[in-house]
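Trainee: Before I use any label for this structure, I want to know what backs it. Can we go through the labels in turn?

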Number of protein chains: 2
Amino acid sequence: MEEKRLIQIYTGDGKGKTTAGIGQAIRARGHKFKVCFVYFFKNLQDFPYGEVEILKGLGIETINFVPRHPHFYKNIPPQGVREECLKALESVKEIFEKNYDMVILDEILIALRDQFLKEEEILELLEKKPGSLELILTGRGATKKIIERADLVTEMKKIKHPFHRGVKERRGIEY
Amino acid sequence: MEEKRLIQIYTGDGKGKTTAGIGQAIRARGHKFKVCFVYFFKNLQDFPYGEVEILKGLGIETINFVPRHPHFYKNIPPQGVREECLKALESVKEIFEKNYDMVILDEILIALRDQFLKEEEILELLEKKPGSLELILTGRGATKKIIERADLVTEMKKIKHPFHRGVKERRGIEY
């Protein structure tokens, strides 16, 4: 029986979007799905995200696009970031051709929020999703039209976050 | 430097609570944390949750309490479930003594929502959390007092869910 594969979105200002994406990747891989985890705006070279080596070790493809967000790397010109994002979109379309069962586009919605990508460019990407692919988008910044186009949307809503009390990003928890 | 370990809660009616817990477990394990994933109300014997074998293979302890919820197993008397939950709480206190860096109590808040455990019983458990332990509770049903006691709380809010359109639980995605 072929199962229906959907578009999922995890958005909102609370903790748990990327971690839910990782959880989905692991669950799918446990059923031998072919999974690709695509990171946007995370510099895996500079930051030792705890999950990356585990994902790789389990045979989950990991790809890193637009590693430097101008918010954190002040000398990066925004126009260059837009070009990188457009190039990444083209690469994601190629990834769509590779018969994955699940692709996670982690933090891609940040590109929309920060105007490196346009809503219609993301919508056009979603049109290209193969029927056999479960596609997961994470990041603050889902728009009404993108939510309309998706099948499953969860808003991670911050009720409480200790960064407000001055707790810094913690190894093994936030990265 | 000893880092501060906290109480995290993932609650609400949206998808992503357990998967965020799995993601946290994986990230922590990637940094060689000692991790224990405790399932409540999930029958791992009957349902092949995709992540379980992977968690085990990575050296994450997995434990299964109260596997049968009366909502799904109609012949289970609620009083027996309360007793099982109380026994599970005692076992969790023993787990707290075992020097884990992270313990996930998946769906434990369902016990509260469905009145198998009392709020003060959960609060008493939280008082027993060692300072060196990151404790994660998931499930619908977090109360105001439990949210007050926690350090980090995310509400997973359902914006859209395909079960409403008749999409059934899917292997590799929902389990």
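This is a predicted model: local features need pLDDT of at least 70, side-chain atom pairs count only at pLDDT 80 or more; totals for chains, interfaces and linings use all residues.

Trainee: What makes up chain A?

Mentor: Six helices and six strands. Read from the N terminus, the elements go β-α-β-α-β-α-β-α-α-β-α-β.

Trainee: How do you know whether chain A agrees with a compact globule?

Mentor: Set the value against the rule. For 175 residues, a compact globule would have a radius of gyration near 16 Å. Chain A has 16 Å, so the two agree. The C-alpha trace spans about 50 × 35 × 30 Å along its principal axes.

Trainee: What share of chain A counts as buried?

Mentor: The label needs 20 or more other C-beta atoms within 10 Å of a residue's own. In chain A, 43% of the 175 residues count as buried. Among contacts in chain A with a separation of 6 or more, 80% are between residues 24 or more positions apart.

Trainee: Which strands make up the open sheet, and in what order?

Mentor: The sheet has 12 strands with mixed pairing. The order is E3(A)-E2(A)-E4(A)-E5(A)-E1(A)-E6(A)-E6(B)-E1(B)-E5(B)-E4(B)-E2(B)-E3(B).

Trainee: Why are E3(A) and E3(B) called edge strands?

Mentor: Each has a single partner strand, so one side of each is left without a neighbour in the sheet. Neighbouring strands of this sheet are turned by 15° against each other on average, direction ignored.

Trainee: How do you know that E6(A) and E6(B) pair?

Mentor: Count the bridges. Pairing takes at least two. Seven bridges join E6(A), residues 152–160, to E6(B), and the strands run antiparallel. One position to look at is Lys158(A), which stands opposite Thr154(B).

Trainee: What is the pairing of E1(B) with E6(B), parallel or antiparallel?

Mentor: Parallel, with four bridges between E1(B), residues 7–11, and E6(B). Ile9(B) has Val153(B) as its bridge partner in E6(B). Tyr10(B) stands opposite Thr154(B) in E6(B).

Trainee: How many bridges join E1(B) to E5(B)?

Mentor: Four, and these strands also run parallel. E5(B) covers residues 134–138. Here Tyr10(B) stands opposite Thr138(B).

Trainee: What makes E1(B) mostly covered?

Mentor: Four of its five residues are buried.

Trainee: Which strands does H3 lie across in chain A?

Mentor: H3(A), residues 78–96, lies across E2(A), E3(A) and E4(A), and runs at about 175° to E2(A). In chain B, H3(B) packs on the sheet and touches E2(B), E3(B) and E4(B). The direction of H3(B) makes about 175° with that of E2(B).

Trainee: Why speak of a two-fold axis?

Mentor: Look at the superposition. A rotation of 180° with 0.0 Å of shift along its axis brings chain B onto chain A, with an RMSD of 0.0 Å. That is the relation of a two-fold axis.

Trainee: How do you know that the copies meet through the same surface?

Mentor: Compare the interface residues. In chain B, 100% of them are also interface residues in chain A, so the surface is the same. The contact takes 46 residues from chain B and 46 residues from chain A. Elements giving two or more residues to the chain B side are H1(B), H2(B) and E6(B). H1(B) gives the largest share, 12 residues. By class, the chain B side has 18 nonpolar, 13 polar and 15 charged residues.

Trainee: Is Phe41(B) buried or exposed?

Mentor: Buried, because 23 other C-beta atoms lie within 10 Å and the label takes 20 or more.

Trainee: Where is Asn99(B) found?

Mentor: In the loop between H3 and E4 of chain B. Asn99(B) also has a positive phi of about 60° although it is not a glycine.

Trainee: What makes Asn99(B) count as exposed?

Mentor: The label takes 12 or fewer neighbours. Asn99(B) has 10 C-beta neighbours inside 10 Å, so it counts as exposed.

Technical notes: Residues are numbered from 1 along each chain as its sequence is written. Chains are lettered from A and ligands numbered from 1 in the order in which they are written. Two residues are in contact if their C-beta atoms, placed from the backbone, lie within 7 Å. Ala, Val, Leu, Ile, Met, Phe, Trp, Tyr, Cys and Pro count as nonpolar, Asp, Glu, Lys and Arg as charged, and the others, Gly among them, as polar. Copies are superposed by least squares on the C-alpha atoms of residues with pLDDT of at least 70 in both. The radius of gyration is taken over C-alpha atoms; the globule rule is 2.2 Å times the number of residues to the power 0.38. Axes are lines fitted to C-alpha atoms, for helices over the stretch in contact, and angles run from 0 to 180 degrees between N-to-C directions.
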